[in-house]
Amino acid sequence: MLTELIKNSKKIVIKIGSNTLANEDGSICRDFLQNLSKQVHTLVEEGKQVVIVSSGARIAGVATLGRWMRKEDMHYKQALCSIGQVELMDAYRRVFEDHHIHIGQMLLTRDDFCDRNRTLNIRNTLFTLVDEGVVPIINENDTVSVEEIKIGDNDTLAALTANLWNADLLILFSDIDGVYDKNPKIHKDAELVERVRDIEGLLATIEVGEVNSFGTGGIATKIEAAKTVNNYGIPMILTNGKKEDILLKLINGVEKATVFEGMKR
Ligand code: ADP
């Protein structure tokens, strides 16, 4: 099932969560990025197109400056993201350079998905980059997005991007193997749900844990993201991006994940 799904998908959006990207101390995990670029390179060699949606600007900002961690003031948070975004893209650029792949940055806001003209421009840029062999790396434009107009989490941003680009598959990288019947970080006996056809049915049977320490994301927004793309007939995989060569392992059937199957187009 997973093998076929990934093999048959040409246009793939991969979302990287902060927990996946960062080490315990908040610094950017170079090993993870190196392995990610290697896997993306393999996919591209097989004729696939990849768009990345990446969190981690704030965490990279904190790691770079070593202060402002506890500042709650909006402007400080935005300033941290502004500093961290540069670090983040620098880290991506270095690892992709090893595979002779160029990257392009796209910073988006909620408005960009509501305004027809902007949406069209984003689509065109996205298609141009990808057609030219560039890997676009998308993040929310935190310096202009105040709370009221924010998309708020990159699970949603990744789902909106997948719909906008008409992707064949959305893959969310997190630090757990998929959706469990209860939070696996707390309950050792939590069981992985491998296939989801009915999202409302799933929500009625599992315990949804709280949002993460950044106050964003959590498993709830991942399930919402699945709903958003499934409505467009795009399937979604939630998997543990922290595991080395995870995409290749999923293709080879040696690792498990959750597949939100969606409707056939
Ligand atoms: P990311 O930074 O990768 O976006 P989040 O921390 O936002 O990840 O969300 C993933 C976390 O959600 C997991 O690490 C897990 O602790 C928590 N969680 C809560 N309930 C569940 C559940 N039922 N199944 C899986 N994970 C859950």
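Me: What should I know about the numbering and the model before we start?
Reply: Residues count from 1 along each chain as its sequence is written, and side-chain values use heavy atoms, with hydrogens and water left out. The model is predicted, so local features need pLDDT of at least 70 and side-chain atom pairs count only at pLDDT 80 or more, while totals for chains, interfaces and linings use all residues.

Me: OK, the sheet. What order do the strands come in?
Reply: The order is S3-S4-S2-S1-S5-S7-S8-S6, an open sheet of eight strands with mixed pairing. Strands here are DSSP E runs of at least two residues, and helices are H or I runs of at least four, numbered from the N terminus. Two strands pair if DSSP finds at least two bridges between them.

Me: Which ones are the edge strands?
Reply: Strand S3 (103-108) and strand S6 (195-196), each pairing on one side only.

Me: And how many bridges join S3 to S4?
Reply: Six, and the two strands run parallel. Ile103 has Val135 in S4 as its bridge partner. S4 also pairs with S2 in the parallel sense, over two bridges, with Val53 opposite Ile138.

Me: Is S4 covered or open?
Reply: Mostly covered: six of its six residues are buried, meaning under 20% relative accessible area with a 1.4 Å probe, protein chains only (exposed is over 50%, partly exposed in between). Val135, Ile137 and Asn139 point one way, and Pro136, Ile138 and Glu140 point the other.

Me: Switching to Leu169. Why does Leu169 count as buried?
Reply: Because its relative accessibility is 0%. Leu169 lies in strand S5 (residues 169-174). Leaving out neighbours within four places in sequence, its contacts (heavy atoms within 4.5 Å) include Leu5, Ile12, Val13, Pro235 and Ile237.

Me: How many bridges join S5 to S7?
Reply: Five, and those strands run parallel. Ile171 has Ile237 as its bridge partner in S7.

Me: Now helices. How do H3 and H5 cross?
Reply: The axes of H3 (residues 30-45) and H5 come within 9 Å and cross at roughly 50°. Axes are lines fitted to C-alpha atoms, for helices over the stretch in contact, with angles from 0 to 180 degrees between N-to-C directions. That makes H3 oblique to H5, since under 35 degrees is roughly parallel, over 145 roughly antiparallel, 65 to 115 roughly perpendicular and the rest oblique.

Me: Which residues of H3 meet H5?
Reply: Arg30, Leu33, Gln34, Leu36, Ser37 and Val40 in H3 meet Ala91, Tyr92, Val95 and Phe96 in H5.
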